[in-house]
Amino acid sequence: VMEAVKQNGYALGYASNRLKNDHGIFMEAVKKNGYALGSASDGLKNDHDIVMEAVKQNGYALGYASNRLKNDHGIFMEAVKKNGYALGSASDGLKNDHGIVMEAVKENGRALQYASDGLKN
């Protein structure tokens with residue numbers, strides 16, 4: 001399974017439930033394809049390292065993370081570096097974070113629409 005996952009993160013979708021909960025296998029899967037996070041157990045969706053690797057590969061993977069990690073500053077920063085539109089799903093506090101908004105706008109200028117009113121002015 002590990003070799004298949006190293007080639008294509010989606011291969012994890014065909015693995016047993018036991019293997020879908022394996023940290024090492026999942027880490028390889030999200031490094032190859034961040035969307036593999038969607039197949040993760042709730043525990044792995046709440047694992048900082050797994051989610052960080054997933055969003056580094058694909059900012060849209062943030063949508064599969066636990067609510068706790070969706071609001072993690074470091075993870076969110078990586079997500080907007082890959083996909084500025086991720087700012088649209090940010091908490092009010094993150095939409096008001098100058099550094100995060102700047103990274104989102106650098107990646108996609110249209111992300112400014114999601115920034116707090118205070119940062120738009």
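Reply: Gladly! Let us begin with a crossing: H7 passes H9 in a right-handed crossing. The residues that make this contact are His73, Phe76, Met77, Val80, Lys81 and Lys82 on H7, together with Gly99, Ile100, Glu103, Ala104 and Glu107 on H9. By class, they divide into five nonpolar, two polar and four charged. Please keep in mind that this is a predicted model.

Me: Why are H7 and H9 called roughly parallel to each other?

Reply: Helix H7 (residues 73-82) and helix H9 (residues 98-107) pack at an angle of about 20°, and their axes are 7 Å apart. Angles under 35 degrees count as roughly parallel, and therefore H7 and H9 get that description.

Me: What makes H3 and H5 roughly parallel to each other?

Reply: The axes of H3 and helix H5 (residues 48-57) cross at roughly 15° and come within 7 Å. The cut-off for roughly parallel is under 35 degrees, so H3 and H5 are roughly parallel to each other. H3 passes H5 in a right-handed crossing. On the H3 side the contact is made by His23, Phe26, Met27, Val30, Lys31 and Lys32, and on the H5 side by Asp49, Ile50, Glu53, Ala54 and Gln57. This contact has five nonpolar, two polar and four charged residues.

Me: How do you know that H5 and H7 are roughly parallel or roughly antiparallel to each other?

Reply: Their axes cross at roughly 15° and come within 8 Å. Roughly parallel needs an angle under 35 degrees, roughly antiparallel one over 145. H5 and H7 are therefore roughly parallel to each other. As for handedness, H5 passes H7 in a left-handed crossing. H5 brings His48, Val51, Met52, Val55, Lys56 and Gln57 to the contact, while H7 brings Gly74, Ile75, Glu78, Ala79 and Lys82. These residues divide into five nonpolar, three polar and three charged.

Me: Now for some single residues. Why is tyrosine 35 called partly exposed?

Reply: Its relative accessible area is 29%. Buried means under 20% and exposed means over 50%, so tyrosine 35, with its 29%, is partly exposed. You will find tyrosine 35 in the loop between helix H3 (23-32) and helix H4 (42-45). Tyrosine 35 and glycine 59 are 24 residues apart in sequence, and 9.2 Å apart in space, C-alpha to C-alpha.

Me: And what makes arginine 110 buried or exposed?

Reply: Arginine 110 has a relative accessible area of 62%. Since exposed means over 50%, arginine 110 is exposed. Arginine 110 sits in the loop between H9 and helix H10 (117-120). From arginine 110 to glycine 84 there are 26 residues in sequence and 8.0 Å in space, C-alpha to C-alpha. Across the chain of 121 residues, 41% count as buried.

Me: What makes up the secondary structure of the chain?

Reply: The chain comes to ten helices and zero strands. That is why the elements, from the N terminus on, run α-α-α-α-α-α-α-α-α-α.

Technical notes:
Residues are numbered from 1 along each chain as its sequence is written. This is a predicted model: local features need pLDDT of at least 70, side-chain atom pairs count only at pLDDT 80 or more; totals for chains, interfaces and linings use all residues. Side-chain values use heavy atoms; hydrogens and water are left out. Axes are lines fitted to C-alpha atoms, for helices over the stretch in contact, and angles run from 0 to 180 degrees between N-to-C directions. Helices (H or I, at least four residues) and strands (E, at least two) are DSSP runs, numbered from the N terminus. Angles under 35 degrees count as roughly parallel, over 145 as roughly antiparallel, 65 to 115 as roughly perpendicular and the rest as oblique. A crossing is left-handed if the near helix is turned anticlockwise from the far one by less than a right angle, and right-handed if clockwise. Contact means heavy atoms within 4.5 Å. Ala, Val, Leu, Ile, Met, Phe, Trp, Tyr, Cys and Pro count as nonpolar, Asp, Glu, Lys and Arg as charged, and the others, Gly among them, as polar. Buried means under 20% relative accessible area, exposed over 50%, partly exposed in between (1.4 Å probe, protein chains only).
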